[in-house]
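Student: Could we go through the terms used for this model and check each against its definition?

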Amino acid sequence: MPASPSTARAINDRLALRLLQREGPLTAGQLKQLTGLSRPTVADLVERLADAGLITVVGEAGEQRRGPNAKLYGIVAGRAHLAALDVRTEGVAVAVSDLVGTVLAEASVPIGGDTGTGPAVERAVALVERAVKEAGADRPHTVGIGAPGLIDPASGELRDSSGLPQWHRALVATLQERFPDARVSVENETNLAALAEQRDGAAHDRDTFVLLWLGHGTGAAVVLDGKLRRGASGGTGEIGFLPVPGTAGLPSATDCAGGFHSLAGSAAITRLAAEHGLAAEGAHAPDAARLVGEAVARTGEGDAARHFLDVLADRIALGVASVVAVLDPGCVVLGGEVGQAGGAPLAALVEERVRRMSPLPTAVRPSALGGTAVLRGALLTARDRAQEVLFAPSGRF
């Protein structure tokens, strides 16, 4: 059955808006060429979208020709403001953008482990409010949150976890209360990092890959055929619990000690560095990342740094090979602060080992976004959700 005129108009409008998002400002002639629509149809949709406040004239085409230059149309970037949060155990980072994704304000605040739930939530919410105002808005249209832990696939809520601060769950609810008209959603941090790497980073040419997060903890995100896979309980990628050789025991349902986390988490990496005579000051992700980065820089100066990276690559390869044996993703991205610090040298060492351990061809790549990937993924997700609403035929802000 052919589409009704109203349905056809809606489809054409969405197509034009998506092109403007992807390509930037376009002339009516360029929209005609890219959409394959007739000139009168393009003229109608341009007028319709302008009347709806979704697009506006942003300039003129620069090509020389007889007569006036063609008008350039672009999405009204200020139609909505988006907030993204990267929620960690030790603090929060916030970015606010316009509807096309231009970042207008960024801020962060540390939150110590001894901070109570109420004060921690208020500190994080106040940070969001300040960033939104700095971006020139009164309130956000959509809020995307990246946080460690499991997300309930049925409710979309962050599940209780004994290993995470209580203020994480309270923050999500408080943001919804403080911004009642906003669309607030939360997603696992590693999943958001994978979406960012797929859109703008190391996996931009892949529709199937796995991101292995190496930071304070370990995790993995699975993208198959272009779609993020969360699993029946939202636990896809809990690779820290993966039983592996080389640990003192086995993980339990409540503790990943003895699993892959015991080999590749930040505390394990700092201990490994100390065993090889490399200075180690703590067990937090920035320290582990610093140690790995320094080892990469010093590989030509002696055996200690090289041996440290070899053993670390052996450990990481255990997790990668296990994922490859089950999923055959063809590509694994080493993300997180440690993955970024190790860069191409560490990725090459891991790939070499996986090649020996598995018959399945697997490229191992370093993260292109590193520690910024979670915030970038949260912002991309917020933008997509806002545009789904605003670009709909009845979408109004």
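This is a predicted model: local features need pLDDT of at least 70, side-chain atom pairs count only at pLDDT 80 or more; totals for chains, interfaces and linings use all residues.

Tutor: Residues are numbered from 1 along each chain as its sequence is written, and side-chain values use heavy atoms, with hydrogens and water left out.

Student: Why does R88 count as buried?

Tutor: Buried means under 20% relative accessible area, exposed means over 50%, and partly exposed lies in between (1.4 Å probe, protein chains only). R88 has 16% relative accessibility, so it counts as buried. R88 is found in strand β4 (residues 81-88); strands are DSSP runs of E with at least two residues, helices are runs of H or I with at least four, and both are numbered from the N terminus.

Student: What does R88 touch, leaving aside residues up to four places away in sequence?

Tutor: Contact means heavy atoms within 4.5 Å. On that count R88 touches W167, H168, E189, W213, E337, G371 and V374.

Student: What makes a set of residues a nonpolar core?

Tutor: The members are buried Ala, Val, Leu, Ile, Met, Phe, Trp, Tyr and Cys residues joined through side-chain atoms within 4.5 Å. The largest such core has 38 residues, and L212, F308, I316, L334 and V350 have the most contacts inside it. Helix α10 (303-327) is among the elements that give two or more residues to this core, and α10 gives the most, with 10 residues. A second, separate core of 32 residues includes A124, V132, L171 and V184.

Student: Why are β1 and β2 called edge strands?

Tutor: Two strands pair if DSSP finds at least two bridges between them. β1 and β3 (residues 71-75) have two bridges, in the antiparallel sense, and L26 has Y73 as its bridge partner in β3. The open sheet has the order β1-β3-β2. β1 (26-27) and β2 (55-60) each have a single partner strand, so one side of each is left without a neighbour in the sheet.

Student: What makes a space a cavity?

Tutor: On a 1 Å grid over the protein atoms alone, a cavity is a set of points where a 1.4 Å probe fits but cannot get out; lining residues have an atom within 4 Å of a point. The search finds two cavities of 30 Å³ or more.

Key. On a 1 Å grid over the protein atoms alone, a cavity is a set of points where a 1.4 Å probe fits but cannot get out, and a pocket is an open set with protein on both sides within 12 Å along at least five of seven lines; lining residues have an atom within 4 Å of a point. Grid points are joined across faces, edges and corners, and a volume is the space filled by probe spheres set on the points.
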